[in-house]
Amino acid sequence: MSHLHRLLLAGEFVVTAEMQTSDSADPASIVRDAETLRGAADAVNCTDNSAAHTHVSALAASRLLVEAGIEPVMQLVCRDRNRLALQADLLGGAALGVRNVVCMTGDDVSAGDHPEAKPIYDIDSVHLIRIARIMRDEGVYLSGRPLSEPPTFLIGAVENPFAPPRDFRPRRLGTKIEAGAEFIQTQICFNLETMRIFMARCGELGLLDDVWVLAGVFIPSSARGARYLRDHVPGVDVPDSVIERMESVPPERQREEGIALALDVVDAVRQIPGVSGIHLMTINHEEAIPRVVEAAGLLPRSAPAP
Amino acid sequence: MTRPRLDRRPPASAPPATGFHRPLLAVERWTKETLWDCRMCGQCILHSTGLTCPMRCPKNLRNGPCGGTLQDGHCEVVPEMMCVWVEAWERSRRLPLWREHIEHVEPPTDWRLQETSSWENLLTGRDRVDPDGWTRAERRAAR
């Protein structure tokens with residue numbers, strides 16, 4: 001059982017964080033990127049060509065983290081690989097020590113650095129979640145062929161309370177739970193009212209007994225970064241108040257203001273019933289993550305069982 | 001004004017239709033393409049999407065929407081177009097039937113059925129043949 005799973009079962013408020021994407025063939029530099037997060041997060045997400053930009057694979061980064069004694073959460077997108085390759089990576093990841101996976105669709109190639117590439121999308125994220133569960137609980141591939149040793153992992157997914165159709169999103173979470181999702185990390189939360197409505201609706205549908213929800217929190221480093229998020233990252237709702245707050249301070253103070261802003265979001269989501277943790281994200285501002293965790297009173301993190 | 005169209009259907013791998021299949025397919029194609037911009041996947045789930053073809057989605061999602069829907073409800077890949085699944089949700093709310101089907105876990109696409117007759121596949125049950133592993137999981141969930 002993964003350390004993250006153990007904490008969630010114990011009812012602890014967990015902290016996960018996304019490690020910086022790496023474009024290096026040097027394993028030491030990849031691990032160095034994750035070192036900032038050691039002790040500040042219970043598990044660290046290794047992204048899978050996020051935003052359709054190529055980086056070191058989630059599988060490789062996850063293994064390096066395992067060897068460094070940091071628990072990874074391996075992200076898997078449906079954009080780049082078909083159902084054969086995704087199952088191979090699920091099994092391979094498990095063999096390499098990955099105990100948490102998060103399944104998602106993935107931004108289209110047109111948004112990324114290789115827009116000329118052929119997008120795959122052989123299966124969707126709900127299929128991938130179900131397939132992960134089939135491998136783990138039935139001990140077979142999707143095709144029904146048996147595995148000689150089934151993988152063990154905590155199956156995660158993502159959900160975006162902030163993108164239309166908003167009133168369908170809680171039900172879609174229900175579909176993902178039905179498929180096998182055990183925890184979710186939400187898209188970046190700036191709009192607390194939307195988050196509250198989403199969580200309340202999930203509660204009404206009885207979903208919160210069956211899934212742990214980790215609220216996605218972004219730490220902006222500049223007003224320009226906040227505007228970039230609003231204008232170029234699909235599905236993220238960045239209210240005007242956030243942009244105005246970042247713009248209200250001079251550029252040299254914006255990194256600090258971003259940390260203060262993220263802290264306010266963390267404090268607010270912790271009050272929302274049913275939120276079991278936070279998932280911290282930044283762009284080129286990784287050192288802010290341990291600072292936010294500490295200032296939120298969430299240190300020290302429980303040490304993993306030996 | 002032409003409707004924005006992105007067609008990401010894969011090429012057909014099934015052998016070309018022969019005999020009565022040819023006129024059947026022609027009628028089906030003409031009807032469904034006209035009415036619903038059908039992409040001839042051969043495993044129709046229109047009843048669960050408010051009669052909105054999910055293969056019009058650039059990511060071919062059978063359990064959509066993705067998380068990238070723009071704030072105005074448009075598609076992140078083709079911003080001129082409404083998100084297919086926003087449409088599907090809204091239209092499914094207007095149908096008196098099959099209202100909870102949009103929440104079902106739809107099985108993975110069998111790409112071999114591309115350009116075959118979904119009407120025929122419905123009658124023969126071919127569109128409900130799922131991989132063994134999938135069926136096992138569904139049986140366990142139903143218990």
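This is a predicted model: local features need pLDDT of at least 70, side-chain atom pairs count only at pLDDT 80 or more; totals for chains, interfaces and linings use all residues.
In chain B, B:P65 is placed in the loop between α1 (21–36) and α2 (84–94). The peptide bond that leads from B:G64 to B:P65 is cis, and its omega is near 0°. Chain A contains a closed barrel of eight strands with parallel pairing, while chain B is divided into domain 1 and domain 2.

**Domains of chain B**

- Domain 1 of chain B comprises two stretches, 18–44 and 114–143, whereas domain 2 covers 46–105.
- A distance of 19 Å separates the C-alpha centres of domain 1 of chain B and domain 2 of chain B.
- Six residues from domain 1 of chain B and five residues from domain 2 of chain B take part in the contact between these domains.
- On the side of domain 1 of chain B that touches domain 2 of chain B, four residues are nonpolar, two are charged and none is polar.

**Contact between chain A and chain B**

- Chain A contributes 34 residues to the contact between the chains, and chain B contributes 28 residues.
- Two helices of chain A, α5 (125–138) and α6 (169–179), each supply at least two residues of the side of chain A that touches chain B.
- The largest share of this side of chain A comes from α5(A), with six residues.
- By class, the side of chain A that touches chain B holds 14 nonpolar, ten polar and ten charged residues.

- Strands of a sheet pair through backbone hydrogen bonds, and the pairing is either parallel or antiparallel.
- Strand β1 (residues 14–18) of chain A and strand β2 (residues 43–46) of chain A run parallel and are joined by three bridges.
- A:A17 has A:V44 in β2(A) as its bridge partner.
- The helix α5(A), which also supplies residues to the contact with chain B, lies across β3 (72–77), β4 (100–104) and β5 (154–159) of chain A.
- Relative to β4(A), α5(A) runs at about 150°.

**Helix packing in chain A: α2 and α3**

- Two packed helices are described by the angle between their axes and the distance between the axes.
- Helix α2 (residues 27–35) of chain A packs against helix α3 (residues 58–68) of chain A at an angle of about 75°, and their axes are 10 Å apart.
- Because of this angle, α2(A) is roughly perpendicular to α3(A).
- The residues that meet are A:P27, A:I30, A:V31 and A:A34 in α2(A) and A:A61, A:L64, A:L65 and A:A68 in α3(A).
- The contact of α2(A) with α3(A) has eight nonpolar residues, with no polar and no charged residues.

- Helix α8 (residues 223–232) of chain A and α9(A) cross at roughly 160°, and their axes come within 8 Å.
- These two helices, α8(A) and α9(A), are therefore roughly antiparallel to each other.
- The crossing in which α8(A) passes α9(A) is left-handed.
- From α8(A), the contact involves A:A223, A:A226, A:R227 and A:R230; from α9(A), it involves A:V242, A:I243, A:M246 and A:E247.
- Five nonpolar and three charged residues, with no polar residues, make up the contact of α8(A) with α9(A).
- Helix α9 (residues 240–247) of chain A also packs with helix α10 (residues 254–270) of chain A, at an angle of about 145° and with axes 9 Å apart.
- In this second pairing, A:V242, A:R245 and A:M246 in α9(A) meet A:Q254, A:E257, A:G258 and A:L261 in α10(A).
- Three nonpolar, two polar and two charged residues form the contact of α9(A) with α10(A).

**Backbone details of chain A**

- A cis peptide bond, with omega of about -5°, joins A:L299 and A:P300.
- A:P300 belongs to the segment after α11 (288–295) of chain A.
- A:A51 has a phi near 55°, which is a positive value in a residue other than glycine.
- The loop between β2 and α3 of chain A contains A:A51.

Technical notes: Residues are numbered from 1 along each chain as its sequence is written. Chains are lettered from A and ligands numbered from 1 in the order in which they are written. Domain bounds come from an automatic or database domain assignment. Two residues are in contact if their C-beta atoms, placed from the backbone, lie within 7 Å. Ala, Val, Leu, Ile, Met, Phe, Trp, Tyr, Cys and Pro count as nonpolar, Asp, Glu, Lys and Arg as charged, and the others, Gly among them, as polar. Helices (H or I, at least four residues) and strands (E, at least two) are DSSP runs, numbered from the N terminus. Two strands pair if DSSP finds at least two bridges between them. Axes are lines fitted to C-alpha atoms, for helices over the stretch in contact, and angles run from 0 to 180 degrees between N-to-C directions. Angles under 35 degrees count as roughly parallel, over 145 as roughly antiparallel, 65 to 115 as roughly perpendicular and the rest as oblique. A crossing is left-handed if the near helix is turned anticlockwise from the far one by less than a right angle, and right-handed if clockwise.
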